[in-house]
Amino acid sequence: MNEIHILWVDDEIDLLKAHIIFLEKKGYTVTKCTNGADAIDMIDETSYDIIFLDENMPGISGLDTLVAIKAKQNHVPVVMITKNEEEYIMEDAIGNKIADYLIKPVNPNQILLSLKKILDHSRLISEKTTSNYQQEFGKISMDLAMVNSYDAWVELYKKLVFWEIELEHINDTGMSEILESQKKEANSLFFKFVKNNYHSWLHDSDGDGPLLSHQLFKEKVLPELNKEQGTLLVVVDNLRYDQFMVLEKAINKHYKKQDEISYTSILPTATQYARNAIFSGLTPLEMEKQHPEYWKNDTEEGGKNLFEKDFLAAQLKRLHADFTWDYFKITNLKVGKQLVTNFNAAKNVDLTVIVYNFVDMLSHSKTDMEVIKELAGDDKAYRSLTNSWFKNSPLLEIIKKAQTLGLKLILTTDHGTINVTTPTKVIGDKNISANLRYKTGRSLSFNKKEVFEISRPKDYFLPEININSSFIFAKEDYFFAYPNNFNHYVKYYKNSYQHGGISLEEMIIPCAIYSPK
């Protein structure tokens, strides 16, 4: 342990001799002070790691001393020690950012515990987290060898995300690298699992398969709607499970979670397919057939998600859902702020739907903008940037307003995203689709080991762009690149966030239901 220098300020410091000897035997250096005025002068001359401060002293009081210390050296942790159990004393001390609050008489072990809690907090958490993950590593490896159901995959993925977030708070990069290797192995096995089971999920008549995008509204949202309490449905485009876990900390201040499911994005895990499926309640093939006026295939001109409101209206009509509702799509800050201003109108409708596009724009910006590449260089930074946006966003303001209006909250997404690092070559005709994680078109040439091929799209409820067209989906963290100008293409897109393919991050996504606090 590096030498820790303590300043202990107490007008009865001589009565604390036993405590000071105890700390010195533990390796701490303790400087004594009997009044606040001297303490304020001493911090100008000497750098202390922590200050113990008596609240009730003659002359300058402990609270006044605390204010003066914080004005000079705000970073130094101060532990307030007092005989007074009055609530206002405690509140004043906490308001002035004390590190701990102890009631006299204190014993030496209480002091030691406070020191460790404040000064050794990061080290102790790091050591314990590392130890716990080392123990969990074997269990995860065993689970990977035995996982054979979708529910088991969800639990395993949640466990990997939990440890990913836990390990980001420690300094041991080795542990994070080990976890990353487990995630890669998990994605390799999950790809095979999806390849073997996706067809049966789509044709499931017994309800044994996972909940899919086109089933989400009918099965999970509609049962929550009632005319006595309004509901806010928020679909944050492109929100991964790890990002959802980080954002939820802010949501939990205003809402209490009733239920959480992890549903599965349909393939392709792309907005025009997955999000349209949510709002229409239909597979892509059904959308093309039933609503040709709304549906556009990959190679067609025009926006692919311009008719979500129309799809939703058609679904509600088909389900005979007699609810009043409204729909908003937020694509920029100005529109978000306008909705915050006018959100009180939501109390007059049964269902308010908001599609929020920021996270998707963030992932695409990483490809095109150098500053975003720097800010979101890896998954840890990507989570942090998403969290920073959310805490200062109109979306959080909307959620706060929804809570004051007594609205139920349902938060979900359409698909996730993955940081791609491994190129795989693909060749096709001039009408091949542009997405980097899936391709559709005729005469596709590719490495069969690195993709999931669907040669008969209609068997998977996917539209055929033309006769003999097929779909291919990239596995793990692969992305498609054309042989022409291959190196330039790979350099441009490598380490960018993409979606459309098969990975835990893209397919296993959250839907949470909250009641207002």
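Analyst: Let's start with Asn238, which is buried, at a relative accessible area of 0% (buried is under 20%, exposed is over 50% and partly exposed is in between, using a 1.4 Å probe and protein chains only). This is a predicted model, so to speak of local features we need pLDDT of at least 70, and side-chain atom pairs count only at pLDDT 80 or more, while totals for chains, interfaces and linings use all residues. Residues are numbered from 1 along each chain as its sequence is written, and side-chain values use heavy atoms, with hydrogens and water left out.

Back to Asn238: its phi is near 70 degrees, a positive value in a residue other than glycine. Asn238 sits in the loop between β6 (231-236) and α10 (241-251); helices are DSSP runs of H or I with at least four residues, strands are runs of E with at least two, and both are numbered from the N terminus. Phe461 also has a positive phi, near 55 degrees, and is found in the loop between β15 (451-454) and β16 (470-474). Phe461 is partly exposed, with a relative accessible area of 21%. Why look at such spots? Because most residues other than glycine have a negative phi, and most peptide bonds are trans.

On to the peptide bonds. Lys104 to Pro105 is cis, with omega near 0 degrees, and Pro105 belongs to the loop between β5 (100-103) and α5 (108-119). Leu267 and Pro268 are also joined by a cis bond, with omega about -5 degrees; here Pro268 lies in the loop between β7 (255-264) and α11 (271-280).

Now the rings. There are 31 aromatic pairs in the structure. Among them, Tyr133 and Phe137 are edge-to-face, 6.4 Å centre to centre with 80 degrees between the planes. (Rings of Phe, Tyr and Trp, the last by its six-membered ring, pair if their centres lie within 6.5 Å; planes under 30 degrees apart are stacked, over 60 edge-to-face, the rest tilted.) Both residues of that pair lie in helix α6 (residues 121-146), four residues apart, about one turn of the helix. Tyr133 is buried at 1% relative accessibility, whereas Phe137 is partly exposed at 33%. Trp389 and Phe390 make a tilted pair, 6.0 Å centre to centre and 55 degrees between the planes. Trp389 is buried at 13%, and Phe390 is buried at 2%.
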